[in-house]
Amino acid sequence: MHISEGILPGWLLVSGWGLTAVGTYLGLRKLENREIPLAALLAATFFIASLIHVPLGPTSVHLVLNGLAGILLGWTVFPVILVGLFLQAILFQFGGITVLGVNTFNMAFPALIAYYLCKGLVKKKDAKNLVIAGVLSAFVAIMGAGILVAVELLFVGEAFKKTAEFVMLAHLPVAIIESIINIFILFFLQKSASEILEGIK
Amino acid sequence: MENKLSQRQTLLHEIDPRVKIIVFLLFAWGIALTPDFKEALLFIPFVGILLIVTGKDALKALKPLLFANTFLIFIVLSMIFTYESPNMLHFGFLSLSIDGLKYGLFLFLKSNEILILMLLLLSTSSVFSIFHALHHLKLPEQLTQLLFFTYRYIYTIKDEYNIMMKAAKCRGFKPKTSIFTYKTFAYILGNLLVRSYRKADKIYKAMLCRGFKGAFPVYSHFSFSTKDIIFALLSTMFFLVVELWKF
């Protein structure tokens, strides 16, 4: 969920930009020139994935896939999500520029945790580990992002307590659906292009 | 997925994107950090003047803003129903908070001022010239390249996605809440990832063949004109008056 412009206090906006700048710097340092086209293609794939609405009962939710992005990209997930959210901001006016730092951190930091938790599991490549990695990455990355958004809203004031609870609840179905999708994607990658899973650094 | 306003020609389109980015950042931060309603209202004339300069096309482009603002509408509604204050209106089991409404509207105003400015200042240049301007404003080289490439590949990936979706629909696929639907989406995405992986290497090799050394040469260059200077000066003056005067 994108936090809009004008809601968070200045110190939070500035610290969000600070943390995102550090993450992006470290991510770019690990990104060699030859890997830039790959990072951009994956960024574009995740951008398109975020436009896909999958049905859920009477409504639909859009995919985030930041957990999967984390597993495949490692630290590069920071610049990739920064770029993706910047494009969403200037093309669709989703989110905004002053909150871009906070929004990027909310998505990328849990994705990075998912990377460290899951990369070992994914490399073992047997069915059980892939299922665990799929569920773990979706829950850590989606619920992590939900918790960060909720905590930031609580920082704004007590008035946002109910909103923060709604935000947490809204992330739960997305995490469940993304677990299922992650598992199938990981199985698919293992079957048809196992070099991708082996190539994870 | 080109910028909504970039195809038309108005005064704002002729301003140097570097100037527009700086002016936008100045106002965006200024508005975001505004503590009270009155000060937020003072920025409306600036937004209004830019809207008038852009003309009726801008109003058309503002329509999608309503849909883009879902998070904000959600916030305003939850403020009205959950903000604890002595000023409450009661309708049966519903209690509405007037202070909550005020606070919600304040956030709504700030947010939309920034979004409209973003639309007017950043969407009146082509996406590529915005990236180019960011390069001049010392954004790290690798990040600029990532921006260029990602924006370029969004179309490629979107095309491939559309083809695969069409193929799935031809075989009678209808998205529903079912494991089968999620599996189909997962396989389509998995396919996109695999194709991206295989394509990346070819692209890098093609770039090397054309003499890529880690930086892009650019063909068109920016130059400051009197218009840019006047626009920058007037905007900065407006900003300083609002920030320093404290009516």
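How much of residues 68-91 of chain A is helix, and how far apart are the end C-alpha atoms? Over this span the chain is 88% helix and 0% strand, with end C-alpha atoms 24 Å apart. The model is predicted, with local features requiring pLDDT of at least 70, side-chain atom pairs counting only at pLDDT 80 or more, and totals for chains, interfaces and linings using all residues. Residues are numbered from 1 along each chain as its sequence is written, chains are lettered from A and ligands numbered from 1 in the order in which they are written, and side-chain values use heavy atoms, with hydrogens and water left out.

**View 1. Overall build of chain A.** Chain A contains eight helices and two strands, where helices (H or I, at least four residues) and strands (E, at least two) are DSSP runs numbered from the N terminus. Their order along the sequence is α-α-β-β-α-α-α-α-α-α. For 201 residues, a compact globule would have a radius of gyration near 17 Å, and the 16 Å of chain A agrees; the radius is taken over C-alpha atoms, and the globule rule is 2.2 Å times the number of residues to the power 0.38. Of the 201 residues in chain A, 63% are buried, meaning under 20% relative accessible area (1.4 Å probe, protein chains only).

View 2. Residues 18-34 of chain B are 88% helix, and their end C-alpha atoms are 25 Å apart. Residues 229-245 of chain B are 100% helix, with end C-alpha atoms 24 Å apart.

**View 3. Helix α6 of chain B.** Buried residues of α6(B) include B:Phe71, B:Leu72 and B:Ile75.

**View 4. The largest cavity.** This cavity holds about 80 Å³ of space. A cavity is a set of points on a 1 Å grid over the protein atoms alone where a 1.4 Å probe fits but cannot get out, and lining residues have an atom within 4 Å of a point; the volume is the space filled by probe spheres set on the points. Among the lining residues are B:His132, B:Glu141 and B:Phe216. The largest share of the lining, four residues, comes from α9(B).

Note on methods: 1 Å grid on protein atoms, 1.4 Å probe; cavity = no way out; pocket = protein on both sides within 12 Å on 5 of 7 lines; lining within 4 Å. Buried < 20%, exposed > 50% of the residue type's maximum accessible area, 1.4 Å probe, protein only.
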